Amino acid sequence: MDMGYSSMDIRLRAMEPEDLDTLYKIENDMALWDVGMTNVPYSRYALHNYMSGVSNDIYADRQVRLIIERKDGVVVGMVDLVNFDPRHKRAEIGIVIEKRYRRQGYASMTLSCMAEYSKSILHLHQLYVIVDASNVASVSLFKKMGYTATSYLKEWLYDGSNYHDAVLMQVFF
């Protein structure tokens, strides 16, 4: 399913069964666990059940996960809206671009598409992200895309050994 939001170089689409390997790789990448809510590996079985159980209706699931695909069909990453709050019209955004496709503009294009989708289709008032304060690349990306750092969260993230400060960043529509 094509979400209908795309740039010249990418399209965002619903997960398909053939995306199981991509999901498995991303969810089990321990380097990403420090920036997300996951701290245990997922089995293919568990991810298969997750994929078959989601409706891709943000109102029913309170989240939506989309695959970021180049126009030639190559998957470059995933983007999520989670913690969807229809009453307050906000959601948290998360994005993962596979390492070999980073710094090629895919994250910017994706965030731009998600902003348009969030504003025009979901009628959200804001998106927010919590970023490790030392992740200069991510902080810079979200600033470039119009997000403003609104809160500094002391010792917010734990990597198993150390606590890291985080920045709450928001964009308003």
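User: E69 and R13, buried or exposed?
Analyst: Both E69 and R13 are buried. Keep in mind that this is a predicted model.

User: What do E69 and R13 form, and how far apart are the closest N and O atoms?
Analyst: E69 and R13 form a salt bridge, with 2.7 Å between the closest N and O atoms. The pair links distant parts of the chain, as E69 sits in strand β3 (residues 64-70) and R13 in strand β2 (residues 10-14), 56 residues apart.

User: Which side chain meets D19 in a salt bridge?
Analyst: That of R13, at 2.7 Å from N to O. R13 has a relative accessibility of 5% and so counts as buried. D19 is buried as well, with a relative accessible area of 3%.

User: Which residues are linked in that network of salt bridges?
Analyst: R11, R13, D19 and E69.

User: How many salt bridges does the structure hold?
Analyst: Eight. One of them joins the side chains of D80 and R65, at 2.6 Å from N to O. D80 is in strand β4 and R65 in strand β3, so this pair ties together parts 15 residues apart in sequence.

User: D80 and R65: why do they count as buried?
Analyst: Buried means under 20% relative accessible area. D80 has 16%, so D80 falls in that class, and R65 is also buried because its value is 12%.

User: Switching to aromatics. How many pairs are there?
Analyst: A search of the whole structure finds four aromatic pairs. Among them is Y59 with F84, which is edge-to-face, with 5.1 Å centre to centre and 90° between the planes.

User: Where do Y59 and F84 lie?
Analyst: Y59 is in helix α4 (residues 58-61) and F84 in strand β4 (residues 75-85), so the pair ties together parts 25 residues apart in sequence. Y59 is partly exposed, at 44% relative accessibility. F84, in contrast, is buried at 5%.

User: And what about Y101 and Y106?
Analyst: They form an edge-to-face aromatic pair, 6.3 Å centre to centre with 85° between the planes. Both Y101 and Y106 are buried.

User: Where is E98?
Analyst: E98 is in the loop between β5 (90-97) and α5 (106-120). With a relative accessible area of 9%, E98 is buried.

User: What does E98 touch, apart from residues up to four places away in sequence?
Analyst: T22, K25, V75, V76 and G77.

User: Now D165. Which strand?
Analyst: D165 lies in strand β8 (residues 163-172). At 18% relative accessibility, D165 counts as buried.

User: What does the side chain of D165 reach?
Analyst: The backbone nitrogen of E155, at 2.8 Å.

User: Which residues is D165 in contact with, leaving aside neighbours within four places?
Analyst: V131, D132, A133, Y152, L153, K154, E155 and W156.

User: Back to the whole chain. How many helices and strands?
Analyst: Six helices and eight strands. Along the sequence they follow the pattern β-β-α-α-α-α-β-β-β-α-β-α-β-β.

User: How much of the chain do buried residues make up?
Analyst: Of the 173 residues, 42% are buried. The accessible surface of the chain comes to about 9700 Å², and 51% of that belongs to carbon and sulfur atoms.

User: What share of the contacts with a separation of 6 or more comes from residues 24 or more positions apart?
Analyst: Such residues account for 55% of those contacts.

Key. Residues are numbered from 1 along each chain as its sequence is written. This is a predicted model: local features need pLDDT of at least 70, side-chain atom pairs count only at pLDDT 80 or more; totals for chains, interfaces and linings use all residues. Side-chain values use heavy atoms; hydrogens and water are left out. Rings of Phe, Tyr and Trp (its six-membered ring) pair if their centres lie within 6.5 Å; planes under 30 degrees apart count as stacked, over 60 as edge-to-face and the rest as tilted. Helices (H or I, at least four residues) and strands (E, at least two) are DSSP runs, numbered from the N terminus. Buried means under 20% relative accessible area, exposed over 50%, partly exposed in between (1.4 Å probe, protein chains only). Contact means heavy atoms within 4.5 Å. Accessible areas come from the Shrake-Rupley method with a 1.4 Å probe; for residues, only the protein chains shown count as cover. A polar contact is a pair of N or O atoms within 3.5 Å; within protein, one must be able to donate a hydrogen and the other to accept it, and residues adjacent in sequence count only if both atoms are side-chain atoms. A salt bridge is a side-chain nitrogen of Lys or Arg within 4 Å of a carboxyl oxygen of Asp or Glu.
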